[in-house]
Amino acid sequence: MYIFLLMTTIKTKLAVLIALPLMFQIGMAVSFGIMLHRSEQMAQYEFRSKEVIGSANWLNFVCSTLALCWIGSVATGDASLRQSYDSMSNMLPSEIRMLTGMYEGDNSQKQRAEKLASICAGIAAAAARIDALPLDGPAKIEMFYKNNCLQALWSDGAKLRTQLLEGERGKYSANLEDLASVRDLTKNMLYGGLLVNIVLAFSIVLYYGKTIGQRIGSLTANAQRLVREEPLSPALPGNDEVALLDDTFHKMAQSLKEAAQKERAIVDNAVDLICALDAGGNFLKLNPACETVLGSSLDSLKGKNIREYLPGSELAVFESNFDKVLNLDQAHKFECQFQHGGVVVDLLWSMRWVAHDQSIFCVAHDLTERKKVERLRQDLMAMVSHDIRTPLTTITGCLDFLTSGYADSDGTRREKMLNVAQKCCNRVVALTSDLLDLDKIDSGMLQIQKEQTSLQDIFDEVEDATRELANEKSIQLVVEKTDLDVYADKNRILQILVNLVSNAIKFTPAKAKVSIFAKASGGCVRISVADQGRGIPSELQSAVFDRFRQVESSDSSFKRGTGLGLAICKALVEAHGGRIWCTSELGRGSEFNFEIPSH
């Protein structure tokens, strides 16, 4: 039955809930109607019985009065008694008809009534006959009693009246018993109906709670679970509206879950920083990209204030824009630098204040690489304008001089111009080679052909390549002897060392010393180039290997370079699986070291 009710619709259930008590009430009403009709019939029969008994008693009274009035009038000659006698005689036929008419349908009682009527009529007829005789009063009375059998008639009439009354009283008593049983039945039905109504009411309440209320409660609980992002209860059985609604709710929850998973996947895999802040600037929620951008784990970031990651120079800019965000009802964008562990990142922030969540939703796009590319572009343009245009301008001037037809007597000036033009060409060729090497490095096309090579042979070639440059500045070039071998691309190692030694000579004052030496270091060979220049500030030592990055100097005696040499050296060393670094002390020189595997 319960399964059947689960399979029915709520409309059907409501119809059942209404029909059951309604049918019971209709049954009760019909039963009470029948009992009421029965009660009315019994009441009518009781009234009839009372009328019959009254009529029989009245007839008895009429007969008795008739006899007494006749005897009295005969005995005394009283005219009033005679008048009463005449009145009673006239009344007697109608009373007899009334009495016999009450017994229609009851033959036994009707026969008794008719006999009683006949006796009464006989008594009246006897009195009339005697009254007509020419006798005195006492003789008439005596004849009335003796000759007309008045005593017997009177006795028979009394018996019939008794039988009539006893029959009516018996029926009356039986009617009263039936009426009492009907009343008891009515009372029992009333109490029973009340009990059944109470049971029905409780049953309907229990049924509602079991099949409708509990199911709606389960649906409500699922809605609350969905709000709390908890798993939903199992789907409700059945085909009613609540079950269909619950099924739709489960499908909606699944769709929301899938949408949330997709959204979460997008947020988690986004390279942009996505987070939520409170009105004070404290982190509430963060995506994994925040770990990379801010350099801390998500657990450690939660609850921290965003201002902790701002350089002091950016704090005023951030506060100004943060105040605007709190007072706007739309997204606000601004650029701001953040810092973690000495690393500075440029971020483009988009923030919006959401009043009902009391939160600021933020998306930050990392502009560091774009800014870096922009700076590289600017540096490249500066380099092109200085390191390419200047030599080309010089070459153009020399060519103009040579083609002008002007010549000195001994050709000294012409030779000098040719030397200047050749050096400028060498500078442009070197710069072009550096740019080509960088392009190969960036594109992954740089080829490294390793072989076991004597490090001393490389040192000798480096010394030959840089000796003239050292002599121009009277630099003492010291190359320590070594018997170490390296497993490397000889030409690339030679390129690295020539670049390092050339830089050392460039930034070393005249008549100072530049040293080249090597030593074994575990499974690697450490090669060092030391100079006696002015040194590099500690905060710039790691930056000297960046592209277009140089240690600026106000001394015009130091020649400005392209800033590509050390970046190329770093890329070549790392291509060999090694590392490169710099140690320096201001005023006491620098030492550039790199390690590569020996086998």
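Where is glutamine 358 found? Glutamine 358 sits in the loop between strand S4 (343-354) and strand S5 (359-366). Helices (H or I, at least four residues) and strands (E, at least two) are DSSP runs, numbered from the N terminus.

Before going further, a word on the model. This is a predicted model, in which local features need pLDDT of at least 70 and side-chain atom pairs count only at pLDDT 80 or more, while totals for chains, interfaces and linings use all residues. Residues are numbered from 1 along each chain as its sequence is written, and side-chain values use heavy atoms, with hydrogens and water left out.

## Overall picture

The secondary structure of the protein comes to 15 helices and 12 strands. Of its 599 residues, 36% count as buried; buried means under 20% relative accessible area, exposed over 50%, and partly exposed in between (1.4 Å probe, protein chains only). Residues 24 or more positions apart account for 62% of the contacts with a separation of 6 or more, where contact means heavy atoms within 4.5 Å.

## Backbone with positive phi

Most residues other than glycine have a negative phi. Glutamine 358, although not a glycine, has a positive phi of about 50 degrees. With a relative accessible area of 49%, glutamine 358 is partly exposed. Serine 474 is another residue that is not a glycine and has a positive phi, here of about 55 degrees. Serine 474 lies in the loop between H13 and strand S7 (476-479), and counts as partly exposed at 42% relative accessibility.

Helix H15 itself (residues 565-575) has 8 of its 11 residues buried, so it is largely enclosed by the rest of the structure. The buried residues of H15 are Gly565, Leu566, Ala567, Ile568, Cys569, Ala571, Leu572 and Val573.

## Helices H13 and H14

Helix H13 (residues 455-472) packs with helix H14 (residues 490-506) at an angle of about 35 degrees, their axes being 9 Å apart. Axes are lines fitted to C-alpha atoms, for helices over the stretch in contact, and angles run from 0 to 180 degrees between N-to-C directions. The crossing of H13 and H14 is right-handed: a crossing is left-handed if the near helix is turned anticlockwise from the far one by less than a right angle, and right-handed if clockwise.

On the H13 side, the residues that meet H14 include Ile458, Phe459, Val462, Ala465 and Leu469. Among their partners in H14 are Ile493, Leu494, Leu497, Val501 and Ile505. By class, this contact has 12 nonpolar, 2 polar and 3 charged residues. Ala, Val, Leu, Ile, Met, Phe, Trp, Tyr, Cys and Pro count as nonpolar, Asp, Glu, Lys and Arg as charged, and the others, Gly among them, as polar.

## Aromatic rings

A search of the whole structure finds 5 aromatic pairs. Rings of Phe, Tyr and Trp (its six-membered ring) pair if their centres lie within 6.5 Å; planes under 30 degrees apart count as stacked, over 60 as edge-to-face and the rest as tilted. Two of the pairs are set out here.

| Pair | Arrangement | Centre to centre | Angle between planes |
|---|---|---|---|
| Phenylalanine 283 and tyrosine 309 | edge-to-face | 6.5 Å | 65 degrees |
| Phenylalanine 318 and phenylalanine 322 | stacked | 5.4 Å | 25 degrees |

Phenylalanine 283 lies in strand S2 (residues 283-286) and tyrosine 309 in the loop between helix H9 (298-301) and helix H10 (315-327), so the pair ties together parts that are 26 residues apart in sequence. Both phenylalanine 283 and tyrosine 309 are buried.

Phenylalanine 318 and phenylalanine 322 both belong to helix H10, where they are 4 residues apart, about one turn of the helix. Both phenylalanine 318 and phenylalanine 322 are buried. Ring pairs also link Phe318 and Phe322 with Phe334, Phe338 and Trp349 into a cluster.

Arginine 307 lies over the face of phenylalanine 322, at 5.1 Å from the ring centre. A charge sits over a ring if NZ of Lys or CZ of Arg is within 6 Å of the ring centre and within 35 degrees of the ring normal. Likewise, arginine 579 lies over the face of tryptophan 581, at 4.0 Å from the ring centre.

Aspartate 246 is found in helix H7 (residues 241-269) and counts as buried at 0% relative accessibility. Leaving aside neighbours within four places in sequence, aspartate 246 is in contact with Leu219, Asn222, Pro234, Ala235 and Leu236. Arginine 215 has its place in helix H6 (residues 150-227) and, at 4% relative accessibility, counts as buried.
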